[in-house]
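Visitor: Hi, I'm new to this one. Could you walk me through it?

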Amino acid sequence: MYNAITITNLNHYYGQGDLQKQVLFDVNLEIKTGEIIILTGPSGSGKTTLLSLVGGLRSPQFGSLRILEREMFGASNDERVETRRKLGYIFQAHNLLEFLTAQQNVMMPLELQDVTYSESIQKASLMLQSVGLGNRINYYPENLSGGQKQRVAIARALVTNPQIVLADEPTAALDKQSGRDVVELMQKLAKEQNCTIVLVTHDNRILDIADRIINMEDGCLV
Ligand SMILES: Nc1ncnc2c1ncn2[C@@H]1O[C@H](COP(=O)(O)OP(=O)(O)OP(=O)(O)O)[C@@H](O)[C@H]1O
C-alpha cells in the first residue's frame, strides 16, 4: 500500500529579506494509509505550518511533499484544489455556519461533488446518525453543546469519505469526557473508512488513540 503522505527535506520560511524566519527545518516523514498520527510540541514549534502544508492549504517552498501520490511542490492551483477535495478538515473552532442546520452544514462539502441533492440529504443524515446526532439533524449550531458542534464538524469532514483527515486541536474547547468521545469517534470512523488522520494537539488525555506520536521542537521532528 502506498503512503498517504511522503515528505522529503521540507524547509519552510515566513517573511522576506531581513525579516525572513525559517520555521521548518529539513522535515522528513512518511505516513502510511490508515495511520493515525498525533503531532505534539510546544507553541510555535511549527505544527500548524506543517499541518497546513500537509493539507494542501499552503505550497511547499523547498523540498518534496507528496499527498496521495501527487507532488505538491510546483503543483498548480487546480491540482491543489483537486487534492483538497480528497481531504477532510476539522478545526478547533468547528467553523459551523450558524444560519444552517446541522444537516445543511454536513451537506456543504457534498455540493462540490458529483452528488444529487437527495443523495446528499441522505448521506448527511446517515453521517449525523453515526456521530450520535440522529435526533439533532434539524438543530442550528446555537442550540447544540460544544461537544455536539464538534461532532457535527466531524460528520462534515467525513461525509465525503476523505482519504486523509487533518485536525487542529479538535478537543481544545471541550471538557474531558466530550474530548474523549470526539477523538474516539474520529478513530472509529477512520478505521471503518481506512482513512489517515493527522491530528495536532496539546491534549495529553487523547495521546493513546494514535498509532504514532510525532514530537516537534523548533521546526524539527524529534
Ligand atoms: N503567517 C505567518 N507569518 C509569519 N510568521 C508566522 C506565520 N505563521 C506562523 N508564524 C511563526 O512560525 C512559527 C511556527 O508557527 P506555528 O503556528 O506553525 O506553530 P505551532 O506549533 O502550531 O504553534 P501553536 O501550538 O501555538 O499553534 C512561530 O514562530 C510563528 O510565530
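Predicted model: local features only at pLDDT ≥ 70, side-chain atom pairs only at ≥ 80, totals over all residues.

Visitor: Okay, what's the strand order in the open sheet of 6 strands?

Guide: The order is β6-β7-β8-β3-β9-β10, and the pairing is mixed. Helices (H or I, at least four residues) and strands (E, at least two) are DSSP runs, numbered from the N terminus. Two strands pair if DSSP finds at least two bridges between them.

Visitor: And which strands stand at the edges?

Guide: β6 (87–91) and β10 (220–221) do. Each has a single partner strand, so one side of each is left without a neighbour in the sheet.

Visitor: How many bridges join β7 and β8?

Guide: There are 5 bridges, in the parallel sense, between β7 (residues 164–168) and β8 (residues 196–200). Alanine 167 sits opposite leucine 199 of β8.

Visitor: What does helix α1 touch on the sheet?

Guide: α1 (residues 47–54) packs against β3 (36–40), β7, β8 and β9 (212–217). Contact here is when the C-beta atoms of two residues, placed from the backbone, lie within 7 Å. The direction of α1 makes about 155° with that of β8. For angles, axes are lines fitted to C-alpha atoms, for helices over the stretch in contact, and values run from 0 to 180 degrees between N-to-C directions.

Visitor: Where does α5 lie?

Guide: α5 (residues 146–158) lies across β6 and β7, at about 165° to β6.

Visitor: Why is α5 called largely enclosed?

Guide: Because 11 of its 13 residues are buried. Buried means 20 or more other C-beta atoms, placed from the backbone, lie within 10 Å of a residue's own; 12 or fewer is exposed, and in between is partly exposed. The buried ones include Gln148, Arg151 and Leu158. Among the elements covering them are β6, α4 (117–130) and α6 (176–193).

Visitor: New topic: is threonine 196 buried or exposed?

Guide: Buried, because 25 other C-beta atoms are within 10 Å of threonine 196. Threonine 196 belongs to strand β8. The C-alpha atoms of threonine 196 and valine 165 are 6.2 Å apart, though 31 residues separate them along the chain. Leaving out residues up to four places away in sequence, the contacts of threonine 196 include Ala4, Ile31 and Gln163.

Visitor: Where is proline 162 found?

Guide: In the loop between α5 and β7. Proline 162 counts as buried, with 21 C-beta neighbours inside 10 Å. Not counting residues up to four places away in sequence, proline 162 touches Lys86, Leu87, Gly88, Ala157 and Cys195.

Visitor: Which element gives the most to the shell around the ligand?

Guide: That's α1, with 3 residues. The residues around the ligand include Tyr14, Gly15, Lys47 and Thr48; near means a C-beta atom, placed from the backbone, within 6 Å.

Visitor: What's the shell like by class?

Guide: The shell has 2 nonpolar, 8 polar and 1 charged residues. Ala, Val, Leu, Ile, Met, Phe, Trp, Tyr, Cys and Pro count as nonpolar, Asp, Glu, Lys and Arg as charged, and the others, Gly among them, as polar.

Visitor: Last one: where does glycine 15 take a positive phi?

Guide: In the hairpin of β1 and β2, where glycine 15 has a phi near 75°. β1 (residues 3–14) and β2 (residues 21–32) pair in the antiparallel sense over 8 bridges.

Methods
Residues numbered from 1 in each chain as written.
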